[in-house]
Amino acid sequence: MKSFTQKLALTTALVSSIALGAISAQAEPTAEVLHYWTSGSEAKAVKALKEDFEANGGKWLDAPVAGGGGDAQAAVLRSRVLSGNPPAAVQIKGLSIQEWAEADALGDLTKLGEEEGWDDVLPPLLQKIVKHDGKYVAVPVNIHRVDWIWANPESLAKVDGEPPRTWDEFNALADKLQAAGITPLAHGGQPWQDGTVFETVVLGMGGAEFFNKAFVEKDATTIKSDTMKKVFDQMRKMRGYVDADFSGRDWNLATSMVMRGEAAMQIMGDWAKGEFLAAGKVPGKDFLCVPTPSNGGYILNSDSFAMFNVSSEDDKAGQALLARLILGEKFQETFNLYKGSIPARMGVSTEKFDECAVKSMVDLQSASESGALVGSMAHEIAASGAIRGAILDVVTEHFNSDMTSDVAVERLAEAIELAE
Amino acid sequence: MMSLMTQKSIPAKQPISDWFRRNVAKLVVAPTFGLIIFFVYGFIAWTGYISFTKSKMLPTYSLEGFYQYIRLWKMTPWNVAMENLLVFGSLFILIAIVLGCLLAIALDQKVRAEGVLRTVYLYPMAISFIITGTAWKWILNPGLGIQNLVQSWGWESFSFDWLINSEMAVYTLVIAAVWQSSGFVMALFLAALRGVDSEIIKAAYLDGASLSRIYLVIILPTLRPVFLSCFFILTHMAVKSFDLVVALTGGGPGYSTIMPANFMYEMTFRRNQIGLGAASAMMMLATVMAIVIPYLYSELREKKNG
């Protein structure tokens, strides 16, 4: 047994020395990039980044982890960090960035940020997301808008309907559509989709301050307030506007219902646009994109790459190069054209972007100035995974049962408290 | 020359080869034993330890008592998951055993094309739960499957919407799981039925016992070990059922069909609550122990007495 352990130790030492030797032999900016963009337009978008990086003399070590919307990647990341060998750049977002920063796992990009003038080009809310203690620890690649209504203009025309500007108008329109035999709302009954609809209603009925008080500060009186009860009342109404078979449906199937005219509207982030475009539909003609009623509000979702603590000079150079490229205008444009989102930095030329993206850029600017810009709760920007999960549990249970709004707000407050 | 050498070397090496001969079995088992101790029981112990800490995204090692367990039992989703396990587990085990047993008895009546029928019934076991779940998701979907079919035949008011009904969705899991496993149970019973001494049955016939009486009083009691095996296999399948839920209902509508394993995965890997996930894993282990140990104990004790 003793000799076995010795052999094992020897082999481990040998293998690791070979591995270490292989790493230290390279003398160029190197970045091992851990990400979960493995399919479709996302894979194309990440390939654009890789090519850009290599064209600038970098060595890209691709470490994709497919599946689970990042769950599988999170497990890999955790074990890599615990074993003291983190990848250089990792696709994480929102509050996970803060959690990793608090665990002292992230590097510091502040110097590079100053050189590149990031403070001037990133919306303040986005800066807050990628900074920890005032230091840049991550770089954002894009901005997705969550609070969109994707509508089929033909279906709306059948009832002489206009895209709604208030939730009352939304309900009136939905009632008319229903009377005409058209499903008003295409929806998939999965917790995150319920949560997506829920947060647009929260922003619409309560405004940005209410949104932040409830989801960021987790203030119990706000959560139990009458406004929140009204939000749940509206959710109950929305339940009546979806078709019978909505349970468990994927979001892209709901999108295709709108495309085929089986349903009139879908509330979903702008990744839904990719589905329309892939089917050859033209924005403004075959489908409409209008913000959900919120009085100039904007719910932001953003993907980013966090830079982990690495020791070798090559890796540090690789991180700096990668960060600079990611926030460069050229990459921001190419990447977001593929991905259907809009650039994370402001002031990128709108020329090549479609109608919906341009609208998103304009609205982002104005919402950022008026303070109506909020981070998404359902997509883990405003709330951590644990809080978001707890909120989604209650929202989805309310949506799928006959729970009253009074009970729902109590349960919401309780669930959030338990999750902390 | 060779034989001379071996003969010479025997006296010197005798104690070692003797020791080797005595311990060869232990030596062969030792590596696997060591690996199991480490990777199974070692990790169970580690999970147990973590469940007493406040670990969130990364494991921490300062003990916090029963904090996670108290939180766990206060959470509605966990309570729903445990209720589901109880409902699903008991119905699944009961129906699969009864159905499997009946199928085996039916096939035991020297029916024609028995080989074909046996394969037909056993085949679902060869399919993974993901496939079973997906197929049943389509079959049970009101807009695509049975409901749609029957309605298109003209029975317009027919409704079979268990899959999208929070109250009934857990029973769709039972349907799919029973469909998958009862053929396997049948195979176990069939093998055991073939092992029953035909002399006893003939003797009972001569005594004028009816067929149902022969089965109930004579044959089934001798199949007790098979019941035990089936019970074990089905119990652990029920407790660890995860993929079926993911494929068939996705835990929905809402979270009405989640199982403890889904809860554990969600907490540990999606919500960065390792401590809570570990606590739920320990509760799952405790559930299995609570069912299996008394059963095993009573079975083994009776065997010793008998």
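Colleague: Is A:Asp133 buried or exposed?
Modeller: Exposed, because A:Asp133 has 10 C-beta neighbours inside 10 Å, and the cut-off for exposed is 12 or fewer. Keep in mind that this is a predicted model.

Colleague: Where is A:Asp133 in the chain?
Modeller: In the loop between strand E4 (131–132) and strand E5 (135–136) of chain A. The backbone there is worth a look: A:Asp133 has a positive phi of about 50 degrees, although it is not a glycine. Most residues other than glycine have a negative phi.

Colleague: OK, and what is the phi of A:Lys218?
Modeller: Near 55 degrees, again a positive value in a residue other than glycine. A:Lys218 lies in the loop between helix H10 (191–215) and helix H11 (220–223) of chain A. A:Lys218 counts as partly exposed, because it has 18 C-beta neighbours inside 10 Å.

Colleague: Switching to strands. Which residues of E13 in chain A are buried?
Modeller: Strand E13 (residues 304–307) of chain A is covered on both faces. A:Ser304 and A:Ala306 are buried on one side, and A:Phe305 and A:Met307 are buried on the other. In a regular strand the side chains alternate between the two faces of the sheet.

Colleague: How many bridges pair E3(A) with E13(A)?
Modeller: Three, and strand E3 (residues 89–91) of chain A pairs with E13(A) in the antiparallel sense. Within that pairing, A:Ala89 stands opposite A:Met307. Strand E6 (residues 138–140) of chain A is also joined to E13(A) by three bridges and runs antiparallel to it. There, A:Ala138 is opposite A:Ala306.

Colleague: On to chain B. At what angle do H3(B) and H10(B) cross?
Modeller: Roughly 145 degrees, and the axes of helix H3 (residues 76–107) and helix H10 (residues 224–239) of chain B come within 10 Å. The crossing is right-handed.

Colleague: Which residues make that contact?
Modeller: From H3(B), the list includes B:Phe88, B:Phe92 and B:Ile93. H10(B) gives B:Phe227, B:Phe231 and B:Leu234, among others. By class, the contact has twelve nonpolar, two polar and no charged residues.

Colleague: Last one: how many residues of chain A are in contact with chain B?
Modeller: 23 residues of chain A, and they are in contact with 25 residues of chain B. On the chain A side, the elements giving two or more residues are helix H3 (71–82) and helix H18 (385–399).

Colleague: Which element gives the largest share on that side?
Modeller: H18(A), with seven residues. By class, the chain A side has eight nonpolar, nine polar and six charged residues.

Definitions and conventions: Residues are numbered from 1 along each chain as its sequence is written. Chains are lettered from A and ligands numbered from 1 in the order in which they are written. This is a predicted model: local features need pLDDT of at least 70, side-chain atom pairs count only at pLDDT 80 or more; totals for chains, interfaces and linings use all residues. Axes are lines fitted to C-alpha atoms, for helices over the stretch in contact, and angles run from 0 to 180 degrees between N-to-C directions. Helices (H or I, at least four residues) and strands (E, at least two) are DSSP runs, numbered from the N terminus. A crossing is left-handed if the near helix is turned anticlockwise from the far one by less than a right angle, and right-handed if clockwise. Two residues are in contact if their C-beta atoms, placed from the backbone, lie within 7 Å. Ala, Val, Leu, Ile, Met, Phe, Trp, Tyr, Cys and Pro count as nonpolar, Asp, Glu, Lys and Arg as charged, and the others, Gly among them, as polar. A residue is buried if 20 or more other C-beta atoms lie within 10 Å of its own, exposed if 12 or fewer, and partly exposed in between; C-beta atoms are placed from the backbone. Two strands pair if DSSP finds at least two bridges between them.
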